[in-house]
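Hello,

Here is the structure for you to look through. My notes on it follow below.

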Amino acid sequence: MIAGFLSKFGKIGVILGFVAGNVLLAYVANGNTEEIIYLKEIVVASLGLLLVPKNMQINISDFFGQDLYLPAGRTYALESNNNTINKLNTMTETINEMSRSYKEESKLDTIEEDSKKAFFEEIEEKLENLKENILYEDLSDEENGLLNEIFEILLEKNSIKKEDILDILEKRNEYVLGFEDFDTNLKIEEDINKIVRLINDTYKIGKINNLWKQRIKESKKVISSQLDGVSRAITDVARSMHIGKNKFEEEKKEIIILCRQKGIDVVELEIEKSKSGRYKVSIYTKYSEQDEKTDEIEIILSRILRSDIVLSKSTTSLEDKALCKYTYMSKDKFNIQIGIATEKKDGTPVSGDSNVETRLDDGKYLIAISDGMGSGLDAKKASQTAVNMLSRMLSSGFDKDTSMELINSSMYINSKEDSYATLDIAILDLFSGNMEFMKNGACPTFIKNQRNVKVVKSVSLPAGILDEVDLVVYDKDLNDGDIIIMCSDGVLESNLEYENKEIWIKNLLEEIETDNVQKIANILLAQAVDNGVGKAKDDMTVVAFKIKKI
């Protein structure tokens, strides 16, 4: 300190300061002036200092490296991150190319022309075995337009009769003669009937083939839509990696230093911040024993990020069981209480309704009900497919619109006749205090606060009916004490007295005084069953959840 203070007097000042410091330390340490650093050592160091040129500079980082904060392997991690982004972009381009090829093949505007061409070709081929037929010359003449007129009648009536063919010939001033002779008459009748059967059979088979062709083209259109959705999801992942790779670098350095001071060996660290302001921090450590230090990590993260951060979950790597991942998030500002009540249709082995309640990887909460059309195992399969796909996609980073499109198109392309499902979805951000409703053919949602009950409803078709999704989305800010009630149509339709079915549920909810969500779900389900004189007329599901500000 003394040498540094006297450094303004040059090298001589540094040497005098160093000597004075040596004397002072000797006195404090030994109580006398016996030097700690001997005089000859001071003389050698002083001569060395005097011999160093004034314009010479020494950079300490050249000896120790410039980065003392990030763990070993960080450079590799950044390089690996860039490689991953490039691979994801390449995958996106490939998927987009596949989507474009399917889209080109899915154009439906040529089906009628293709049908007509195939019909003419099939008739020509079959006429080769009917050269003795009285109508052979007329039908095989491509320029006279007789087949065109016949095809127009088929499009209008779906079949043709002998009288239709004779009318066409008569309008063209062509007449079939020979009916006055009995034998000739029989031959003409047989020839015309053969042609009628030939035309009708060919058209019927062609129509079936065309239906399959149309179905295939529609399927290709759906596949194209699915590929577009996957491409968008991959693009979003690549974009978020690119944007986030250089963010929060200073915060990362501070967190790693503080963690190491606490004996926490951080291998890798990722920080994300959502649009709502919620932080998500992923910390990778080498040892599972770090579980006992999660409280210390929470304190470090909360201090550096200036947000109340808590542990969300921890997982162990399947590839390296010694590597653990801890996910921390900004603490929710609201909590949720959920009550569920279900009943299967009387006389059926299993309910066709499915529901899911789960926390997504981004910290939001998903609640959904799916009602498979009909009841029993087929309905259950359709509804389970819908909720399972929804949960997996939203957890994997797909946005809600893309997820709904993929679910709808997947059910459309794979479902049997009358095999489709409604989707009633609520996604709650308990950090920002916001909730989104998405309805695809679903029943109204009821929002109760004290005795005030609001109804949120939509008119849309269930997933799997149309090749394009028919989705209605609502947005609502959460209020302390809000109770949200969702139900399947078995509950809604159980009361036959009301033309507007949601009225009876609204009236019942207004009368209920308890705020216990399980009791509310039980009361509503019991009333729906009572509406059927004690028997459930359809599968029934009620999910009630209460929002409470922390």
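**What I found**

The protein has 17 helices and 14 strands. Helices (H or I, at least four residues) and strands (E, at least two) are DSSP runs, numbered from the N terminus. This is a predicted model, in which local features need pLDDT of at least 70, side-chain atom pairs count only at pLDDT 80 or more, and totals for chains, interfaces and linings use all residues. Residues are numbered from 1 along each chain as its sequence is written, and side-chain values use heavy atoms, with hydrogens and water left out.

Of the 550 residues, 41% count as buried. Buried means under 20% relative accessible area (1.4 Å probe, protein chains only).

**The cores**

In soluble globular proteins, nonpolar side chains tend to be buried together. A nonpolar core here is a set of buried Ala, Val, Leu, Ile, Met, Phe, Trp, Tyr and Cys residues joined through side-chain atoms within 4.5 Å. The largest one has 25 residues. Ile485, Val491, Ile505, Leu509, Leu524 and Val542 touch the most other members. At least two residues each come from β13 (483–487), α15 (489–492), α16 (502–511), α17 (517–530) and β14 (540–549). The top contributor is α17, with 7 residues.

Look at Ile505. Beyond its neighbours within four places in sequence, Ile505 is in contact (heavy atoms within 4.5 Å) with Phe446, Cys487, Val491, Leu492 and Leu524. Another core, of 24 residues, lies apart from the largest one. Its members include Tyr136, Ile188, Val196 and Leu198.

**Two helix pairs**

Start with α16 and α17. Their axes (lines fitted to C-alpha atoms over the stretch in contact) come within 11 Å. They cross at roughly 135 degrees, on a scale from 0 to 180 degrees between N-to-C directions. Trp504, Ile505, Leu508 and Leu509 of α16 meet Ile520, Leu524, Gln527 and Ala528 of α17. That contact has 7 nonpolar residues, 1 polar and no charged. Ala, Val, Leu, Ile, Met, Phe, Trp, Tyr, Cys and Pro count as nonpolar, Asp, Glu, Lys and Arg as charged, and the others, Gly among them, as polar.

Now take α8 (residues 146–157) and α9 (residues 162–171). These helices pack at about 135 degrees, with axes 11 Å apart. That makes α8 oblique to α9. Leu146, Glu149, Ile150, Ile153 and Lys157 in α8 meet Asp164, Ile168 and Leu169 in α9. By class, this contact has 5 nonpolar, no polar and 3 charged residues.

Best wishes

Methods
Buried means under 20% relative accessible area, exposed over 50%, partly exposed in between (1.4 Å probe, protein chains only). Angles under 35 degrees count as roughly parallel, over 145 as roughly antiparallel, 65 to 115 as roughly perpendicular and the rest as oblique.
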